[in-house]
Amino acid sequence: DQFQRIINEKYKADILFLINVANLRENQLNSDAMKAWNEAVRNANADTSRVIEELNISSFASPDGPYAFNTQLAEKREKNTKGYLEKTLAKENITEFGELTAQFTPEDWEGFQKLVEASNIQDKDLILSVLKMYKDPEVRDREIRNMSNVFDELAKTILPQLRYSRLTASINVIGKSDAEINQYFNTNPSALNVDELLYAATL
């Protein structure tokens, strides 16, 4: 059987920021992704068979501009997002959520590389070679800015996607206990799925 009593589900939503800004915008807080995320957390809180194991915030700045400035910017985005989430949880009377963790990354070079690799941007290979050649973020930024035509395209299509806070909800779905499975098997076996029936045979 493939029976699992506890199945973990992850729900994610991104809040995008404008360049060099850390304040949360209404259109981002009311996006379809955020509405679905909030609904998943609310439903888990109201469902006894679901347990909110952890809520996490990861905040980022795009990898353009001075590193020190981006560090402060990403930290402010994390602080503002955490404050928003804490207020939302209090408003919804959601108090059982395991742990609320938060961290920030000054410059999302990993995300930058993934987006460039998946794009059709001009001189894509040249950009990727710069990332491989230089590890210092300031040098990377300078070298990419020197490719003026390419940088304009990056500023329009790639960099705006890297100014964000990502909210993740880790929710455990708790399956039937041994006693419940035995009871259903004896009284209403059609209420059990195939794996629960097979697992019942081992009890």
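Which residue in E4 does Ile52 stand opposite? Ile52 sits across from Ile171 in E4. Let's see what surrounds that pair.

A quick word on the model: it is predicted, so to speak of a local feature pLDDT must be at least 70, side-chain atom pairs count only at pLDDT 80 or more, and totals for chains, interfaces and linings use all residues. Residues are numbered from 1 along each chain as its sequence is written, and side-chain values use heavy atoms, with hydrogens and water left out.

Four strands make up an open sheet, in the order E1-E4-E2-E3, with mixed pairing. At the edges are strand E1 (6–16) and strand E3 (99–105), and each of them pairs on one side only. From one strand to the next, the twist averages 15°. In general, strands of a sheet pair through backbone hydrogen bonds, either parallel or antiparallel. Here, two strands pair if DSSP finds at least two bridges between them. The table shows how the neighbours line up.

| Strands | Sense | Bridges |
|---|---|---|
| E1 and E4 | antiparallel | 11 bridges |
| E2 and E4 | antiparallel | nine bridges |
| E2 and E3 | parallel | seven bridges |

Asp14 stands opposite Arg166 in E4, while Glu54 has Glu99 in E3 as its bridge partner.

Now for helix H5 (residues 124–133), where Ile127, Leu128, Val130 and Leu131 are buried. Buried means under 20% relative accessible area, exposed means over 50%, and partly exposed is in between (1.4 Å probe, protein chains only). Seen down the axis of H5, these buried residues fall within an arc of 150°, so they line one face of the helix. The arc is taken from the directions that run from the helix axis to the C-beta atoms. Why can residues apart in the chain share a face? An α-helix has 3.6 residues a turn, so residues three or four places apart point the same way. Turned away from the buried side of H5 are the exposed residues Asp125, Lys132 and Met133. The buried residues of H5 pack against helix H4 (109–117), helix H6 (137–146) and helix H7 (148–157); contact here means heavy atoms within 4.5 Å.

H7 has buried residues as well: Val150, Phe151 and Leu154. These cover an arc of only 100° around the axis, which puts them on the same side of H7. Asn149 and Lys156 are exposed on the other side of H7. Among the elements covering the buried residues of H7 are H4, H5 and H6.

**Two residues with positive phi**

Which loop holds Asn93? Asn93 lies in the loop between H3 and E3. Its phi is near 60°, a positive value in a residue other than glycine. With 62% relative accessibility, Asn93 counts as exposed.

Asp123 also has a positive phi of about 60°, although it is not a glycine. Asp123 belongs to the loop between H4 and H5. With a relative accessible area of 38%, Asp123 is partly exposed.

Definitions and conventions. Axes are lines fitted to C-alpha atoms, for helices over the stretch in contact, and angles run from 0 to 180 degrees between N-to-C directions.
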